[in-house]
Amino acid sequence: MSGLWKRVPMRWSSAANTLRGLAYVTFQELATRFAHRNTGKYSQDPVADRIMLRISQDENLHALFYRDILGAAIKIQPSNAVRAITAEVLAFDMPGTNIPGYLRKAMQMARAGIFDLRIHHDDVLWPILRHWGIFELEGLDAEAEAAWQAGDYAGAEARFRQIVALSPGSRAADLSYGDLFTLARQRSGPEQEKALWREYLAAFPRGRYADDARAGLCRRGEPDERPACWQQYLTDFPAGVHRSQASRALDEP
Ligand SMILES: [Fe+2]
């Protein structure tokens, strides 16, 4: 595996960061496939070219191995997996950044056509992200509905969660929270429901369920915190659906 795990920065090698580590090695293994292949071509030496071709084929297998492990993780823990992938897409560096003069060497490699940002974007990032279905939400909503109809509430919840993770901030995610609220009301305790409202409000402070979520948190708040909560609710939602309850709560001695 080309000393693979030794190349994974230490801060990602703990169990808690396995997903991030998997994202890193998936991108990195595929990147080395192209870099090694192009190094062989650049050498203009038939023997070196064949050696590098052989190595690049191995690197491709490593990439597929990690890609498929993380693909399975996306199905089990979509939110955590997508969060790890996003973080890694934004922070990715090829191995060797600590080598003196790395930037200059990277530019020389780019000029020689061995590896550059275009290859990274077109041949590494996009094919893998597409393979994981990061941009495809179609079908998930229908699957969630079908699972719900069949009484598979955990399955429905997992799919709504997947929509939220795959498309943060989107209309689809906003709507999915509505279904998650209903499921939480039926299946979870008040504390989980409150946690879900808070999570929603952090993502959609003005979302279509923000009014309900804010009122729910006021209703379930500690008695001494309720007046301030309802006051803030009326300030933020002067025409809110729960304004009469808010006013009543504030009138109480
Ligand atoms: Fe490898």
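**View 1. Domain 2 meets domain 3.** In this predicted model, 24 Å separates the C-alpha centres of domain 2 and domain 3. The contact joins 10 residues of domain 2 to seven residues of domain 3. On the domain 2 side, two elements give two or more residues each: helix H9 (171–187) and helix H10 (190–203). H10 supplies the largest share of that side, with five residues. What kinds of residue make up the domain 2 side? Eight are nonpolar, one is polar and one is charged.

**View 2. The whole chain, for orientation.** Three domains divide the protein: domain 1 spans 4–131, domain 2 spans 136–205 and domain 3 spans 209–253. How many helices and strands does the protein have? There are 13 helices and zero strands. Read along the sequence, the pattern is α at every step: α-α-α-α-α-α-α-α-α-α-α-α-α. The C-alpha atoms fill a box of roughly 85 × 45 × 30 Å along the principal axes. The radius of gyration is 25 Å, whereas a compact globule of 253 residues would have one near 18 Å. Of the 253 residues, 26% count as buried. Take the contacts with a separation of 6 or more: 51% of them join residues 24 or more positions apart.

**View 3. The largest nonpolar core.** This core holds 37 residues. Which members touch the most other members? They are Leu-22, Ala-23, Phe-27, Ala-31, Leu-70 and Ala-81. Several helices give two or more residues to the core, including helix H3 (46–76), helix H4 (78–91), helix H6 (117–131) and helix H8 (153–166). Helix H2 (18–43) gives the most, with 10 residues. Where does this core lie? Domain 1 (4–131) and domain 2 (136–205) both give residues to it, so the core lies between them.

**View 4. Ala-81 and its contacts, with a separate core.** Ala-81 is among the core members that touch the most others. Set aside its neighbours within four places in sequence, and Ala-81 is in contact with Leu-19, Leu-70, Ala-73 and Ile-74. Leu-70 is also on the list of core members with the most such contacts.

**View 5. Met-52 in helix H3.** Met-52 sits in helix H3. Why does Met-52 count as buried? It has 20 C-beta neighbours inside 10 Å, and 20 or more is the cut-off for a buried residue. Leaving out residues up to four places away in sequence, Met-52 touches His-36, Arg-37, Thr-39 and Gly-40. Trp-126 is 74 residues away from Met-52 in sequence. In space, their C-alpha atoms are 24 Å apart.

**View 6. Glu-143 in helix H7.** Helix H7 covers residues 140–149, and Glu-143 lies in it. Why does Glu-143 count as partly exposed? It has 16 other C-beta atoms within 10 Å, and partly exposed residues fall between the cut-offs of 12 or fewer for exposed and 20 or more for buried. Glu-143 and Gly-101 are 42 residues apart along the chain. Their C-alpha atoms are separated by 51 Å.

**View 7. Confidence and the start of the chain.** The average pLDDT of the protein is 88. A score of at least 70 is reached by 92% of the residues.

Terms used. Residues numbered from 1 in each chain as written. Predicted model: local features only at pLDDT ≥ 70, side-chain atom pairs only at ≥ 80, totals over all residues. Domains from an automatic or database assignment. Contact = placed C-beta atoms within 7 Å. Helix = DSSP H or I, 4+ residues; strand = E, 2+ residues; numbered from the N terminus. Nonpolar A, V, L, I, M, F, W, Y, C, P; charged D, E, K, R; others polar. Rg over C-alpha atoms; globule rule 2.2 N^0.38 Å. Core = buried A, V, L, I, M, F, W, Y, C linked by C-beta atoms within 7 Å. pLDDT = per-residue confidence, 0-100.
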